[in-house]
Amino acid sequence: FGKEVVSTDPPGSLKIVFDVVWIILFGWEIAMAHLVSALILTITIVGIPFAKQHIKLIPVALFPFSQEMR
């Protein structure tokens with residue numbers, strides 16, 4: 001809460017390589033866990049703000065070397 005995800009520009013070639021390796025090995029699983037958690041949390045009104053935070057973390061889970069939290 002209170003933080004936003006910002007893309008770092010320009011992405012260097014090494015960041016792109018690290019992002020691709022990360023997506024293949026770990027990122028897609030973490031992103032799916034955030035998506036499933038968000039869907040479960042939207043069942044109740046109290047869980048909707050937490051679901052929004054999970055949705056916000058999906059790009060960070062997929063591309064951690066190209067994202068920055070501010």
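Against what do the buried residues of α2 pack? They pack against α1, where contact means heavy atoms within 4.5 Å.

Two remarks on conventions. This is a predicted model, in which local features need pLDDT of at least 70 and side-chain atom pairs count only at pLDDT 80 or more, while totals for chains, interfaces and linings use all residues. Residues are numbered from 1 along each chain as its sequence is written, and side-chain values use heavy atoms, with hydrogens and water left out.

Helices (H or I, at least four residues) and strands (E, at least two) are DSSP runs, numbered from the N terminus. In α2, the buried residues are A51, Q53, I58 and A61; buried means under 20% relative accessible area, exposed over 50%, and partly exposed in between (1.4 Å probe, protein chains only). At K56, shortly before the proline P59, α2 has a kink of about 25°, the bend being the angle between axes fitted to the seven residues ending there and the seven starting there.

I turn to the rings. Rings of Phe, Tyr and Trp (its six-membered ring) pair if their centres lie within 6.5 Å; planes under 30 degrees apart are stacked, over 60 edge-to-face, and the rest tilted. By this rule there are 2 aromatic pairs. F18 and F65 form a tilted one, at 5.4 Å centre to centre and 45° between the planes. Because F18 lies in helix α1 and F65 in the loop between α2 and β2, this pair ties together parts 47 residues apart in sequence. F18 is partly exposed at 40% relative accessibility.
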